[in-house]
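Colleague: I have some labels to go through with you. Let us take them one at a time.

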Amino acid sequence: MSVLCVENHHTATLNNCDVDRAHGMTFNQPLGGNDMPRFAGPATMMRLPSHDTAEGLDACFLGIPLDIGTSNRSGTRFGPRQIRAESCLLRPYGMGNGQAPFDRLQVADIGDLAINTFNLKKSCQIITEGLGIVLECGAIPLILGGDHTLTYPVLRAVAAKYGSVGLIHVDAHADTSDAMFGEKVAHGTPFRRAVDEKLIDPKRTIQIGLRGTGYATGDFDWGRRQGFQVVPAEECWHQSLKPLMDDFRSRVGTRDPVYLSFDIDGLDPAFAPGTGTVEIGGLTSIQALEIIRGCRGLNLVGGDLVEVSPPYDPSGNTALTAANLLFEMLCVLPPQTTAGIDA
């Protein structure tokens, strides 16, 4: 597998795992701030143990440090590292969602895919092959991006295992352009390619938060014509998105596989300025939590958090928000049996 794993850490081992005595299982735990200062310890997501592969895991965090598919401000290649750095502030229990994912899922950070910095086409191949191996292990991947191009090759791997999947896509942009500067693969084209290759089921696809200026009045209509449910940001202003997610969940059901792709620029730049293509009038961080928590009960088979660009994130708040949203994704994953326990 083309994975460059983050540094292995064996210190504080007794504090970094927990035993489910009823089943005799040992579950990885984030390293706590009372065991090691938050500015020290492993440079992994939530300071979890690092693994060389996804074998034996129910879910894994995987970085894809890609930004050669961007059209404006680059820097998302540094996204995975910064998200991991800010994730040291997270704790293992979700006080608001009532979830304790590390008590029921075996989770680790398996490092970064070694993409080809000089070749986007080869990088896409590396991503598809790498995710294929993760999925063969039975683990659900949660991906730290990286620009949004990566979702296309990820979906190729996901569809190879599950067939066409449902899609929840949070973004300021539709990302359904046919080409950018004549190129069919870039961060503005992944969902056009996904439809072309039948990687996603348009009738089980929702796009939330689209907004901003465009090149024509019908820029968001291509997805509608395919069968997408398109929810512009203006329809989300000043209201809870819980009813929207309740409706989507009831339509999609709990059996068919669904993938979640969350572009951080779906949030208003007041909450997430550190990204490459900002648009005003976006979602709030509270609405982001409602969307992800609204996925609970769906058969989520993977997710990504993309377009965090640390050079435009001087406070670190964008990466911290991203880390929190990835934790929320972990909390809504369905029960798994890979680690030998059915939650």
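**Labels and their grounds**

Modeller: Asp246 is partly exposed, at 28% relative accessibility. Keep in mind that this is a predicted model.

Colleague: Why is Asp246 called partly exposed?

Modeller: Its relative accessibility is 28%. Buried means under 20% and exposed means over 50%. The value for Asp246 lies in between, so the label is partly exposed.

Colleague: What makes Asp246 and Arg249 a salt bridge?

Modeller: Their closest N and O atoms are 2.7 Å apart. The cut-off is within 4 Å, so the pair counts. Both sit in helix H6 (residues 242-252), three residues apart, or about one helical turn. Arg249 is partly exposed, at 23%.

Colleague: How do you know that Asp247 forms a salt bridge with Arg251?

Modeller: The closest N and O atoms are 3.4 Å apart. That is within 4 Å, so the term applies. These two also lie in helix H6, four residues apart. Asp247 is partly exposed at 37%, and Arg251 is partly exposed at 43%.

Colleague: Which parts of the chain does the salt bridge of Glu328 and Arg293 link?

Modeller: The N to O distance is 3.0 Å. The pair links distant parts of the chain: Glu328 is in helix H8 (residues 317-331) and Arg293 in helix H7 (residues 285-293), 35 residues apart.

Colleague: Why is Glu328 called buried?

Modeller: Glu328 has a relative accessible area of 7%. Buried means under 20%, so Glu328 qualifies. Arg293, at 33%, counts as partly exposed.

Notes:
Residues are numbered from 1 along each chain as its sequence is written. This is a predicted model: local features need pLDDT of at least 70, side-chain atom pairs count only at pLDDT 80 or more; totals for chains, interfaces and linings use all residues. Side-chain values use heavy atoms; hydrogens and water are left out. A salt bridge is a side-chain nitrogen of Lys or Arg within 4 Å of a carboxyl oxygen of Asp or Glu. Buried means under 20% relative accessible area, exposed over 50%, partly exposed in between (1.4 Å probe, protein chains only).
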